[in-house]
Amino acid sequence: MTGTSDPLRSELLDLALEAARRAGELLRDGRPADLGVAATKSSPIDVVTEMDIAAEKLITGFLSEHRPDDGFLGEEGASVAGASGVRWVIDPLDGTVNYLYGLPTWAVSIAAEYRGETVAGVIEIPMRGETFRAVLGGGAYLGDQPVRCRPAAPLEQALVSTGFNYVTAVRTHQADVAQRLIPRLRDIRRGGSAAVDLCDVAAGRLDGYYERGLNPWDLAAGDLIAREAGALTGGRPGSGPSYELAVAAPSGVFEPLRELLEEFGAWHD
């Protein structure tokens with residue numbers, strides 16, 4: 001099931017799978033049916049925030065029961081150092097605007113780090129009925145089926161996804177970068193969830209993905225899944241993926257895409 005013989009990594013993966021499944025059910029089944037209808041009012045934002053916090057509490061509570069000495073880093077404020085060498089990096093609801101509007105592209109993302117290195121990752125996409133998982137050195141899976149990224153296409157034939165910040169000045173520059181990129185690619189997609197985009201690179205549904213402004217919880221699980229599926233991931237030349245820039249694509253797409261992103265200043269506002 002786990003794709004690894006390492007007992008710690010197996011345990012961490014199994015716990016992440018169960019925590020993500022439970023949180024996904026909570027978010028799917030607990031979403032008010034009229035949430036999307038009221039999406040233009042202010043109150044639904046509070047409902048989404050409440051669901052987000054409830055999902056994170058469910059995840060951290062479940063994991064703490066089984067591994068009380070582990071640390072946490074979560075989008076909704078979970079920050080515990082821990083004493084075991086293991087830290088869980090959690091995004092309980094990646095794609096909150098999609099969730100608010102009733103779009104299916106949102107996910108629960110849980111990664112486990114051991115001594116600073118991501119060793120297990122799970123992304124649960126409830127409205128697709130999909131669970132992506134990976135263990136460091138064990139490959140990437142969708143359910144029980146291994147996944148691999150697409151063979152590299154010429155850049156002009158590459159379908160690439162990205163995301164945009166919610167701060168107007170930042171997204172304006174991001175739109176300028178995208179405008180310059182579009183003539184060099186097959187097309188650009190904007191899915192609304194970094195975690196799902198990284199899984200879609202892993203599963204061969206996208207030729208590449210890039211975004212500025214991602215936090216560790218947005219990236220941790222998806223980055224591992226993409227790498228274990230054969231993708232290269234990174235940030236600016238010589239750097240790993242970070243808040244400045246995150247890029248994921250198979251070799252042959254990754255290098256020219258990152259070169260253009262550097263040239264176009266995708267890493268700054």
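**Pockets, cavities and an open sheet**

In this predicted model, about 210 Å³ of space lies in the second largest pocket.

Q: Which residues line the second largest pocket, and what makes them lining residues?
A: A lining residue has an atom within 4 Å of a grid point. The residues that line this pocket are E113, T118, L214, N215, P216, L219, A220, D223, R227, P241, S242 and Y243.

Q: Which element gives the largest share of that lining?
A: Helix α6 does, with five residues.

Q: How does the lining of the second largest pocket divide by class?
A: Six residues are nonpolar, three are polar and three are charged. P216 and Y243 are in the lining, and both count as nonpolar because Pro and Tyr belong to that class.

Q: What is the volume of the largest pocket, and which residues are the closest to its centre?
A: The volume is about 420 Å³. Of the 23 lining residues, D94, Y166, E211, L214 and D218 are the closest to the centre. Two or more residues each come from β3 (86-94), α5 (194-202) and β11 (208-211). Strand β3 gives the most, with three. By class, the lining has seven nonpolar, eight polar and eight charged residues.

Q: Why is a space called a cavity and not a pocket?
A: A probe of 1.4 Å fits in a cavity but cannot get out, whereas a pocket is an open set of points. Two cavities of 30 Å³ or more are counted here.

Q: What lines the largest cavity?
A: T162, G163, F164, Q174, V177, Y210, R212 and A266 do. The volume of this cavity is about 60 Å³. Four of its lining residues are nonpolar, three polar and one charged. R212 is in this lining, and Arg counts as charged.

Q: What lines the second largest cavity?
A: The lining holds L198, Y209, L219, D223, T233, P241, A246, V247 and A248. Elements α6 (216-228) and β13 each give two or more of them. The largest share, three residues, is from β13. Seven lining residues are nonpolar, one is polar and one is charged.

Q: What is the strand order of the open sheet?
A: The five strands run β10-β9-β11-β13-β12, with mixed pairing.

Q: Why are β10 and β12 called edge strands?
A: Each has a single partner strand, so one side of β10 (187-189) and one side of β12 (232-234) lack a neighbour in the sheet.

Q: How do you know that β12 and β13 pair?
A: Pairing needs at least two bridges. Three bridges join β12 to β13 (246-249), so the two strands pair, and they run antiparallel. G234 stands opposite V247 in β13.

Technical notes
Residues are numbered from 1 along each chain as its sequence is written. This is a predicted model: local features need pLDDT of at least 70, side-chain atom pairs count only at pLDDT 80 or more; totals for chains, interfaces and linings use all residues. Side-chain values use heavy atoms; hydrogens and water are left out. Helices (H or I, at least four residues) and strands (E, at least two) are DSSP runs, numbered from the N terminus. On a 1 Å grid over the protein atoms alone, a cavity is a set of points where a 1.4 Å probe fits but cannot get out, and a pocket is an open set with protein on both sides within 12 Å along at least five of seven lines; lining residues have an atom within 4 Å of a point. Grid points are joined across faces, edges and corners, and a volume is the space filled by probe spheres set on the points.
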